[in-house]
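Student: I have a protein model open and want to learn how to read it. Can we go through a few features?

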Amino acid sequence: MSELLVDFITSLDGYASGEGWPGFWGLEGPEYLAWLGEQPEVTYLMGANTYRLMSGFAAGEVPDGQDEFRPEEEASVDELTRASKVVFSSSLEEPLTWANSTLVRDDAVEAVRAMKENGSGLLSTIGSLSLCRSLLRAGLVDRFRVGIFPVITGATGEERIYDGYPDVALEMIEHRTFDGRIQLVEYKPRVLEHPPLGAPA
């Protein structure tokens, strides 16, 4: 059976990106990048918007406000190109042009449920805020990991991650700090039907 990881990188105030900011908000360091390079092989899950954005980067489109990719960003995109990717969309057309990408038109929740039951190895989301929210609501997420970067993007932040989420109890299973500034927290999530009536045990 496969395990499903929802994986975000965020500003401290919970934005997934910021207008005019480079990837990783320009704050990644050697320890964090080395850890990224040590991660196990995964199958990435994404929606159409993330696919369009990331496949554009892979084709050489540079984010707004940048003249070119930094080496760290280029390496990250190259790694994604080599990885297996499943894209959930009713608007994209086959064949998908980004290497190692499979288009799924079926309901994403049911498709991922089947992938978990019938597969092995690790499934991981990338971006795709609404997909992550749907998978969490359905109780399919085994691990919820957030890399928190030391910046507040109150004026320029885009893609607020937690808007529309249910209440979720989080059991800490890992935490660490990279390069003296990037905080990683990883939890086992449990969706709540209502707030707990008493203090947590």
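Tutor: Start with one residue. Glu-186 sits in strand β10, residues 182-191. Helices (H or I, at least four residues) and strands (E, at least two) are DSSP runs, numbered from the N terminus. This model is predicted: local features need pLDDT of at least 70, side-chain atom pairs count only at pLDDT 80 or more, and totals for chains, interfaces and linings use all residues. Residues are numbered from 1 along each chain as its sequence is written, and side-chain values use heavy atoms, leaving out hydrogens and water.

Student: Is Glu-186 buried or exposed?

Tutor: Buried means under 20% relative accessible area, exposed over 50%, and partly exposed in between (1.4 Å probe, protein chains only). Glu-186 has a relative accessible area of 3%, so this residue is buried.

Student: Which helix holds Asp-78?

Tutor: Asp-78 belongs to helix α3, residues 71-82. Asp-78 is partly exposed, because its relative accessible area is 39%.

Student: What about the whole chain?

Tutor: The protein chain has five helices and 10 strands. Its radius of gyration, 17 Å, is close to the 17 Å that the globule rule gives for 201 residues, so the chain is as compact as a globular protein of that length. That radius is taken over C-alpha atoms; the rule is 2.2 Å times the number of residues to the power 0.38.

Student: What share of the 201 residues is buried?

Tutor: Buried residues make up 42% of them.
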